[in-house]
Amino acid sequence: MVEMGEPPWRGRQLAYALYHQWIEDLTSVTTLPGHLRSRLAGEGWQVGLPKISQIFRSHDGTERYLVESQPRQETVEAVWMPEGDDGETGDGSEDEAKPWHRATICVSSQVGCAVNCSFCLTAKLGLQRNLSAGEIAGQVIAVLARHAVEVGRDRVNLVFMGMGEPFLNYDNFMAAVRLLVKEAGLSPQRMTVSTSGIVPGIERFAAEPQEVRPKLAISLNASNNAVRSEVMPINRKWPIEAIVDAVREIKLRPRERLTFEYVLLGGVTDRPEQAAEVARLVRRSGLPAKVNLIAWNPGPGIEYSTPETGAVEAFRQTLIDAGVPAYVRRPRGRDIYAACGQLKRTVEQ
Ligand code: SAH
Ligand code: SF4
């Protein structure tokens, strides 16, 4: 707006229309005078939400979207995971139109991924390109709009755990976070970014001001460097100790904890002695951390197996007994390939 010779507050009005009102076209930006709207349109500016081109619905309520980016061909994936009321009777405060009490939105940061973890379907795509800040934030706004989420009232968490490695698209990822916090009004304490352990990215992240810094999850996925280098080749570049040292620089908020994600590959990373080793590793790090266990989700062309239910529970119990908080992440939308690591373009267009 300043470049167009307009006062800076015109920019604020436009940002409000885009990120608060989720307007679909320039004519709806009624705070701007008509001549300015015409001028913007005349100069070729376009606004609006990214288009959700396909929707896949799971029996558990999860929805997976293919989100189109306007000027280019590729689609990226975003996921909506509502939590039902689990049969509890309502206290009357919830909205009849909303069959969920809280929900989690998962968005992508890149088209494909260059990291090449052996167990992940997204890796098979390779890196096609980075998403822009607008494309990352746009996925979130498109999903919020679809479910008529009332920001500030409804409990919605946001996870940057879709396709891609956010810390290999750091500037655009953080610019998207700033848009979502400062313009859309979402709280960074309700956001979690997951990284495979890109140390320079973690170092930059540690320097971000708390008011725009999401929480951090590290994909640990192995109990030592030997196994981790097998399943995550990137570990040869940035091994576990380097990651932990970088994470230590983050100034956590009161009660904030780090998350270590741990994908259980049947017979490969789910053994009892490995659970004990993870517990020692987490305790030795001295970090306030919890472990999220994820039973591996299968995908075509990947030669691992899903762990036995008993192995998952035993793994969790070993961690708990060693004083490490541990949770088992419930797989969501497995039937529509929306669960962790299953986001890959499974449709041809
Ligand atoms: N690239 C980032 C974020 C996206 S992956 C990262 O790797 O952290 C999000 C999570 O899904 C990671 O913890 C990853 O280890 C996990 N994941 C990948 N493939 C999976 C699969 N097939 N089953 C279960 N979890 C998987
Ligand atoms: Fe990339 Fe994460 Fe998949 Fe590894 S697990 S290939 S870093 S998306």
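Here are some numbered notes on the ligand site and the aromatic rings of this structure.

1. First, some ground rules. This is a predicted model, in which local features need pLDDT of at least 70 and side-chain atom pairs count only at pLDDT 80 or more, while totals for chains, interfaces and linings use all residues. Residues are numbered from 1 along each chain as its sequence is written, chains are lettered from A and ligands numbered from 1 in the order in which they are written, and side-chain values use heavy atoms, with hydrogens and water left out.

2. Start with ligand 1. It has 19 residues around it, and the closest are Gly164, Ser194, Ser219, Asn221 and Asn297; a residue belongs here if one of its heavy atoms lies within 4 Å of the ligand. Sorted by class, this shell holds eight nonpolar, nine polar and two charged residues. For that sorting, Asp, Glu, Lys and Arg are charged, Ala, Val, Leu, Ile, Met, Phe, Trp, Tyr, Cys and Pro are nonpolar, and the others, Gly among them, are polar.

3. Strand S8 (191-195), strand S10 (258-264) and strand S11 (289-295) each give the shell at least two residues. Strands here are DSSP runs of E with at least two residues, helices are runs of H or I with at least four, and both are numbered from the N terminus.

4. Now for the polar contacts, meaning pairs of N or O atoms within 3.5 Å. A polar side-chain atom of Ser219 is 2.6 Å from an oxygen of ligand 1. The backbone of Gly164 has a polar atom 2.9 Å from a nitrogen of the ligand, and a side-chain N or O atom of Glu261 lies 3.1 Å from a ligand oxygen. The protein covers 95% of the 530 Å² of accessible area that ligand 1 has on its own, by the Shrake-Rupley method with a 1.4 Å probe.

5. On to the rings: the whole structure has eight aromatic pairs (Phe, Tyr or six-membered Trp rings with centres within 6.5 Å; planes under 30 degrees apart are stacked, over 60 edge-to-face, the rest tilted). Phe160 and Phe173 are edge-to-face, because their centres are 5.0 Å apart and their planes at 85 degrees. Phe160 sits in strand S7 (residues 155-160) and Phe173 in helix H4 (residues 170-183), 13 residues apart.

6. Phe173 also pairs edge-to-face with Tyr170, at 6.4 Å between centres and 70 degrees between planes. How exposed or buried is Tyr170? At 5% relative accessibility, Tyr170 counts as buried (under 20%; exposed is over 50%, partly exposed in between, with a 1.4 Å probe and protein chains only). Phe173, at 0%, is buried too.

How values were computed. A polar contact is a pair of N or O atoms within 3.5 Å; within protein, one must be able to donate a hydrogen and the other to accept it, and residues adjacent in sequence count only if both atoms are side-chain atoms.
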